[in-house]
There are 2 protein chains.
Amino acid sequence: MPTLDQLETPVLTADLDAVERNIAGMQSYCDEHGLVLRPHIKTHKLPEVARMQVDAGARGLTCQKLGEAEVMADAGFDDILISFPLVGEAKAERLAALARRVDMGVVGDSAAAATALAEVLARHGLEADFLVECDTGFARTGVQSPEAAAELAALVGRLEGLRFAGLMTYPTLPESGPWLRAAREAIERAGLTVECVSGGGTPTARRTHELGEVTELRVGTYVYGDRSCIANGSVPLDDCALRVVATVVSRPTRERAIIDAGSKTLTSDPAAGATGFGLIVEHPEAEVYNLNEEHGYVDVSACERPPEIGEHVTIVPNHACVTANMHDDVRMHRGGEIVATLRTAARGKVT
Amino acid sequence: MPTLDQLETPVLTADLDAVERNIAGMQSYCDEHGLVLRPHIKTHKLPEVARMQVDAGARGLTCQKLGEAEVMADAGFDDILISFPLVGEAKAERLAALARRVDMGVVGDSAAAATALAEVLARHGLEADFLVECDTGFARTGVQSPEAAAELAALVGRLEGLRFAGLMTYPTLPESGPWLRAAREAIERAGLTVECVSGGGTPTARRTHELGEVTELRVGTYVYGDRSCIANGSVPLDDCALRVVATVVSRPTRERAIIDAGSKTLTSDPAAGATGFGLIVEHPEAEVYNLNEEHGYVDVSACERPPEIGEHVTIVPNHACVTANMHDDVRMHRGGEIVATLRTAARGKVT
């Protein structure tokens with residue numbers, strides 16, 4: 001078996017031991033607090049890792065796109081939530097095709113989208129679970145008040161083709177608790193049952209039980225960790241499984257090293273609480289201060305022994321999910337020995 | 001034939017009429033000034049568009065990665081420059097495999113990399129052209145002085161396996177002219193011939209002739225244009241061929257629309273001289289102020305009639321090259337009618 005240092009660079013690698021630790025740790029947290037774990041596959045985009053998550057006790061999967069759900073259904077998973085609003089006739093038809101063969105859940109924050117999905121599903125004699133997406137403070141998608149949540153829940157309760165199943169929010173914030181409680185109570189007063197309250201996000205995952213309201217945890221990044229997770233304290237460096245191995249290809253000055261990992265390899269995503277474009281494990285004092293598509297610019301002025309041309313460096317990316325999406329495959333290793341090359345089957349599924 | 005507004009979103013589209021105009025315009029500029037055009041395929045990553053460029057008069061192609069060059073060689077192109085330093089045994093062997101079947105050129109800024117490449121090529125009885133990469137002001141890769149360029153040129157001149165062919169810089173800046181002239185003169189004093197001085201970059205492309213020194217133009221982005229090109233004046237909006245069509249999937253407030261194009265679709269790359277993550281053609285007064293992996297956040301507060309859920313919007317991305325890399329295929333259209341779906345054959349070639 002080849003080892004990490006024998007790979008041609010740049011290359012995406014994942015430490016399988018760390019992946020297993022991360023999966024076991026989050027499952028154990030959920031088990032301890034009676035939470036359903038529904039891991040988000042958008043981080044790894046790999047049926048093989050999804051299987052590890054379900055085998056460890058996850059109830060089902062979360063996907064962000066129909067294309068991801070199609071890959072996971074093809075791989076044999078039978079309980080999938082799509083946590084992104086589905087809009088448009090083509091998407092409704094693809095959802096119906098999925099709902100015909102596996103248990104599907106969807107989310108939404110508008111009567112327009114819910115009604116359109118329900119029509120198509122009902123026309124096919126099918127049904128999907130529907131969670132009302134609630135904006136509990138993140139200011140992205142989601143209904144804007146508990147009253148609006150109750151209103152949409154009531155509408156969905158009357159629609160053939162959708163089954164009102166509960167509430168969903170992202171990320172779970174301290175203020176999400178009271179918000180979701182008010183929504184649940186308003187919905188229950190109207191005679192509907194809130195079976196599921198689904199929260200998400202790795203940074204706050206292990207405080208989910210404190211809210212009381214949340215019954216299901218959707219997390220993705222925890223499986224790999226990344227530089228953002230290090231910065232927010234949710235995954236320590238040793239458990240950051242996903243790393244890019246790159247090579248120094250130019251050392252034009254004492255201060256500057258250029259590596260063969262640019263934005264096409266690492267992405268331009270920032271990491272909250274950290275500067276630059278990734279953490280170089282062997283040289284934490286160096287900074288990846290700029291990226292072009294194929295070039296990474298590293299300030300090595302603080303390095304006592306800066307890496308020379310031809311040396312490999314190992315980078316913890318700022319954001320695991322988008323980095324995984326840049327690579328057709330990922331090398332899984334244990335202690336540096338490659339044990340599998342996995343095709344990123346759900347990569348690039350933009351629709 | 002379907003039309004743009006019938007496509008499921010998000011979807012990458014290119015206006016073939018604009019692509020043709022851009023190719024013809026740059027070729028005409030090069031012809032007028034006696035410059036060799038060697039278009040960079042990293043922008044489109046498509047053999048079909050590379051063919052259009054060569055048919056219009058381009059001498060050969062520029063690639064950034066061996067993987068891109070392998071795709072282009074497989075597609076029948078026989079004159080390829082790799083404008084990124086190749087370091088490592090595996091890459092030298094892949095270069096040799098390419099050099100066995102097509103004319104290959106490479107660049108470099110170090111004796112270490114040049115010597116290693118030469119050894120492998122010579123062992124196979126092969127030869128590649130070598131351009132000394134010069135840092136004429138961009139502070140990325142490249143030797144740091146004309147004297148250093150002459151020194152590396154002299155070394156390469158003595159190496160079996162590499163043929164010293166000239167100089168290369170990126171981007172071509174006003175100060176590149178005197179720098180390259182000094183390097184050329186120093187090299188010629190040592191008895192070597194500088195056949196080619198290769199400059200690059202779309203923003204300054206049409207001022208290349210003013211420098212006198214540059215003989216070859218490497219440009220990529222000109223073929224598609226992007227929001228950076230609009231900001232720097234190199235490609236007007238009407239010639240920005242590459243656009244992402246997205247759908248509004250949520251309108252949680254009067255001010256905010258969420259679209260189904262996030263960083264996995266548009267990338268997080270900024271555009272110098274513009275804020276946000278792309279220009280919405282139908283609503284230039286709106287701003288894509290944030291991206292998550294699948295969500296685009298649009299401030300529509302300035303829109304008199306903000307787009308509603310289900311409406312399509314057309315986005316000129318900040319950076320065409322990285323955006324093209326996010327999509328497995330691109331829909332080519334004329335006047336909104338789809339005329340071809342092209343597989344992005346050289347997408348994701350990180351090595």
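Analyst: In this predicted model, α3(B) passes α4(B) in a left-handed crossing, where left-handed says that the near helix is turned anticlockwise from the far one by less than a right angle, and right-handed that it is turned clockwise. Local features need pLDDT of at least 70 and side-chain atom pairs pLDDT 80 or more, while totals for chains, interfaces and linings use all residues. Residues are numbered from 1 along each chain as its sequence is written, with chains lettered from A and ligands numbered from 1 in written order.

User: Which residues of α3(B) and α4(B) make the contact?

Analyst: B:Leu66, B:Ala69, B:Glu70 and B:Ala73 of α3(B) meet B:Lys91, B:Arg94, B:Leu95 and B:Leu98 of α4(B), a contact being C-beta atoms, placed from the backbone, within 7 Å.

User: How is such a pair of helices described?

Analyst: Two packed helices are described by the angle and the distance between their axes. Here the axes of α3 (residues 66-74) and α4 (residues 89-99) of chain B come within 11 Å and cross at roughly 15°, the axes being lines fitted to C-alpha atoms over the stretch in contact and the angles running from 0 to 180 degrees between N-to-C directions. The two helices are therefore roughly parallel, a term for angles under 35 degrees.

User: How many residues does each chain bring to the contact between A and B?

Analyst: Chain A gives 47 residues and chain B gives 47 residues. The copies meet through the same surface, because 100% of the interface residues of chain A are also interface residues in chain B.

Definitions and conventions. Two residues are in contact if their C-beta atoms, placed from the backbone, lie within 7 Å. Helices (H or I, at least four residues) and strands (E, at least two) are DSSP runs, numbered from the N terminus. Angles under 35 degrees count as roughly parallel, over 145 as roughly antiparallel, 65 to 115 as roughly perpendicular and the rest as oblique.
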